[in-house]
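This briefing is intended for a reader who is meeting the structure for the first time. Please keep the sequence and the 3D view at hand while reading.

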Amino acid sequence: MSLILLLLFGFATYNGLQKVEKRKSDILAAKTEVKENDVLMLKLLDSVERGLSVNATPWTIPTSPMAVGNYHPRVAAMEPQPMTFISTGQADVFTHYVKPTVRSDDFALNFTEMTSPVQLLFGSFDLAFVIVYLLPLLIIAFSYNVLSAEKESGSLRLLAAQPIRIQTWVAQKLGLRFFWLSLLVIVSLLVVFTLLGLSFIVKTTTFFGLLGLTLTYMLFWFAIAFLVNLWVGSSAKNAVALLGLWVTFVLLVPSVLNQLGNTIYPMPSRNLMINEMRNLKADVTEKQDEILDNFLRDHPEYALNDSTQSRGFYHRYMASQELIREELSPLVSSFEEQLQKQQAWIGKFKWISPAILAQESLSKMSGTSKSDYEDYRKQVIVFAGKWREHLIPFLYNNQDFTQADYKDLPTFNYQPNSYSKWMASFMILIIGFCLFGLGLLRAKSLGAAGILK
Amino acid sequence: MISKTFLKETKELFREGRVRIAFLIVLLLLGVAVWISVEQYQNTNEQYAAAKNAEREVWNNQGEKNPHSAAHYGTYAFKPKYPLSLVDQGVDKYTGTSIFLEAHKRNEAQFSAAADQTGLARFGDLTPDFILLFIIPLLIILLGYNSFTKEREMGTLTLLKSQGISSFKWLMGKWSALFLPIFTITAVVFLLAGVLLTNLKDFGVFKWNSLLVMFLVYVAYYIIFINMVLLVSSLVKKSGISLVVSLSIWILACLAVPKAASNIAESKHPYPTRQEFAANVLEDKKKGVDGHNPWSKEAKMLEEQVLKEYGVDSLHQLPFNFSAYRMQKGEEHEAEVYFKHYNYLKEQYVNQSRVYRGLAAISPYLPTRFLSMAIASTDYDTHWDFADAAETYRIATQKFLNDNTAQNTKYGERGYKASADFWKKLPAFKYDPPELTSIIDRNSSNIGILGVWLLASFTVLFFTSKIV
């Protein structure tokens, strides 16, 4: 038993850590690359400023603010959290760093990662999977026949003659199992974490959050086992009932809730969004000059007083992009709104299955839940705007980008989403206690004779 | 003897409440799943048709425009949904549905449904494949876990032994009693699916023989489970233990092994990140002709080569516009670069598939899953096929546009615009999914693995289960 737990936890934690390692090294590589490019850029700028001729494609020379904006983007990275290894969550679907350029559209920024869809289909063997899916099965395997085995071997009648109530006795038996299993889980987790060199001591609150959640989730399943033991009859029937409940809570309720959420608040079609965007772009390309005029009227600070300067491709392009962004923003945000509605709807019903609560909470602990990625996406879009707005005055004032301007370039700092650490544990605890209460009530109404039958 | 055992078992099964309830639940779930899938299928296909037509309209009505501007403006290839996706959604949710086809760049399919869904989506969807792959094996366990253990527990085993019954015949009776209800429910489901599909509007390329092959794959999968459940039931002494052991097998085969396989495959043969991939492509692109850059070393080399070939000494004397020719050469170089890098991805995926096939030795779920997706045209291979077709179309489109400029303009001429009715001459993008025979060909190893499972499970069942 302890060996199984050690193996499961060990393999899952190892997998999680590997993913985190890869993520870290990917981000680091991207950042190093940008640093190296920056050195080259500064060298080029230096040469240009000293009036030397440079050997580079004309439109990539960084004196042009648009060249900086397009060919020297910053890395907007989502650094992993200390406990990210717990749950893969949505980490395999979404990317952890993007480099927004001045040319890219917000909606075209691709936040999905290059992953084989087969991998996404199967999911990942992470700690969250072991806790949410497998741990309940271990509990079921060790507690489905607590009462029925005594009944079947005939020792229950002897027991009934003792001055102890049967429900108390079942509760005690299960309590003892809960205690030992909890101890095993805690020890195995500690052993695995220590062996794999994890500094869980640094992040004590998150570590205790993980333990708290795991133990309350286990308690919930013991409560279910308690109920089934009192309610149902023979060992085999108990096992079938418990497994049915496992399938219901872990597989069916989540998929039905998800399906209903999708049906009630369906996502608008991305393909139709593309159509909309295309029509708009076609319109905009035709009216580029007009759009630039309007843009300049709205931005008198960019007025040109020098007749030797002119307006080029990028002046028109950036003005049109601004317009497209504005026009499309209701359509783009309709996706966000619909997603929020779905999430709110699921939020209302997720307590039906503690498996959902546990999974969601573990993902949040890891910083890999859907809301974390949504949050990251929003931060990146804000940053992309900053990047654009920093360089646009250069463009419209026909001002060269210089070495001195380098240090003012905006950088991206990811702010992790905050979440309540104890909410899910608390909810599961309440559900667990309610089930225990229900079990005790049931036992009372049945009476000793009823249970013996 | 076989028929007697069969009749007795069947009667017993249908007398039991748990069986009736379980059947009812499975049927209900299947009904709901099919209904939802039909709705989604129709919805998606309507949107697909609308998007496709609208996009073509946009392309046709560009008006007078420079062909290369049109190339940058680009067009879209949309991925249709195929009839059998009704039965198995496969990886459709995780792959994008539209590919932007533009000059100089091969784009990946974007906007996967999974990226637009809540975290709950990762638990799985209530679709027919979920029920066929996960729930029906559970039903088999539920029906069969106590086939032999109950005889022991009720003491009927001694009676049977005293009758001098043949172990084989007894087993066959039990086996067929378990097989028949499962076979019936599967057959009904597939028959319904077929009828539904033929009655749907624009059911496209639906063929009954694909459905039949898919049905056979599932039947084989269920037979493997029946064999395993009966084997366990004959080897252990108590029903409860038999149930727990069978269930562990189910969890291992359907949940744990696929997940572990995906982890192993990823750590052994990783994909580059999207940004890395883009950086690598850019690196290689720089090594060849860039259509927009006449000053590069590669462009100069191309110039010399073409001048020599045509025996002229200035670009003005060429019978075509060299700028457009260079643009096309650049396009061809870029296409080659993309071909190389996407091929690397494919190689990684082939390696990953090997991991999946290796682990199929402990999970019959894996070959079944892959086969079912392949037949439904919702697997990763079909997606690659579609992406490749879109790329071929993109390359042809670029040639079509560049050739127009090359033939209608002179070197150094600026501001050329193709006439407004030129765009209609570009043939529309068309993609047909692979035929059943080529699917079977491509998945022969999965069929082989499933076959081995089938044979091995029968052999082990017949030789190790000495019940009497």
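This is a predicted model: local features need pLDDT of at least 70, side-chain atom pairs count only at pLDDT 80 or more; totals for chains, interfaces and linings use all residues.

How many helices and how many strands does chain B have? Chain B has 16 helices and three strands.

**Chain B as a whole**
- The radius of gyration of chain B is 29 Å, well over the 23 Å that the globule rule gives for 468 residues, so chain B is more spread out than a compact globule.
- Along the principal axes, the C-alpha atoms of chain B fill a box of roughly 105 × 45 × 35 Å.
- Among the 468 residues of chain B, 43% count as buried.
- Of the contacts in chain B with a separation of 6 or more, 83% come from residues 24 or more positions apart.

**Chain A as a whole**
- Chain A contains 16 helices and two strands.
- For chain A the globule rule gives 22 Å for 453 residues, and the radius of gyration is 30 Å, well over that value, so chain A is more spread out than a compact globule.
- The C-alpha trace of chain A spans about 105 × 45 × 35 Å along its principal axes.
- Of the 453 residues in chain A, 42% count as buried.
- Residues 24 or more positions apart supply 83% of the contacts in chain A that have a separation of 6 or more.

**Contact between the chains**
- Chain A contributes 68 residues to the contact, and chain B contributes 65 residues.
- On the side of chain A that touches chain B, the elements giving two or more residues include helix H1 (2-49), helix H9 (235-264) and helix H12 (313-349) of chain A.
- H9(A) gives the most to this side, with 14 residues.
- By type, the residues on the side of chain A that touches chain B are 32 nonpolar, 27 polar and nine charged.

**Nonpolar cores**
- The largest nonpolar core has 191 residues, and those touching the most other members are A:Phe222, A:Ala225, A:Phe226, A:Leu242, A:Ala358, B:Ile140 and B:Ile226.
- Neighbours within four places in sequence aside, B:Ile226 is in contact with B:Ile140, B:Gly144, B:Trp175, B:Leu178 and B:Phe179.
- Another core, of twelve residues, lies apart from the largest one; B:Ala51, B:Ile99, B:Ala387 and B:Phe429 are among its members.

**Strands of chain B**
- Strand S1 (residues 75-78) and strand S2 (residues 98-102) of chain B run antiparallel and are joined by four bridges.
- In this pairing, B:Tyr76 stands opposite B:Phe100 in S2(B).
- S2(B) is also joined by two bridges to strand S3 (residues 105-106) of chain B, and these two strands run antiparallel.
- B:Leu101 stands opposite B:Arg106 in S3(B).
- S2(B) and S3(B) form a hairpin with two residues between them, and B:His104 in the turn has a positive phi of about 70°.

**One residue in detail: B:Phe130**
- B:Phe130 lies in helix H4 (residues 128-144) of chain B.
- B:Phe130 counts as partly exposed because 19 C-beta neighbours lie inside 10 Å, whereas a buried residue needs 20 or more.
- Not counting residues up to four places away in sequence, B:Phe130 touches A:Ser255 in chain A, as well as B:Ala33, B:Gly124 and B:Asp125.
- B:Phe130 and B:Val87 are 43 residues apart in sequence, and their C-alpha atoms are 9.4 Å apart in space.

Terms used:
Residues are numbered from 1 along each chain as its sequence is written. Chains are lettered from A and ligands numbered from 1 in the order in which they are written. Two residues are in contact if their C-beta atoms, placed from the backbone, lie within 7 Å. Ala, Val, Leu, Ile, Met, Phe, Trp, Tyr, Cys and Pro count as nonpolar, Asp, Glu, Lys and Arg as charged, and the others, Gly among them, as polar. The radius of gyration is taken over C-alpha atoms; the globule rule is 2.2 Å times the number of residues to the power 0.38. A nonpolar core is a set of buried Ala, Val, Leu, Ile, Met, Phe, Trp, Tyr and Cys residues joined through C-beta atoms within 7 Å. Two strands pair if DSSP finds at least two bridges between them.
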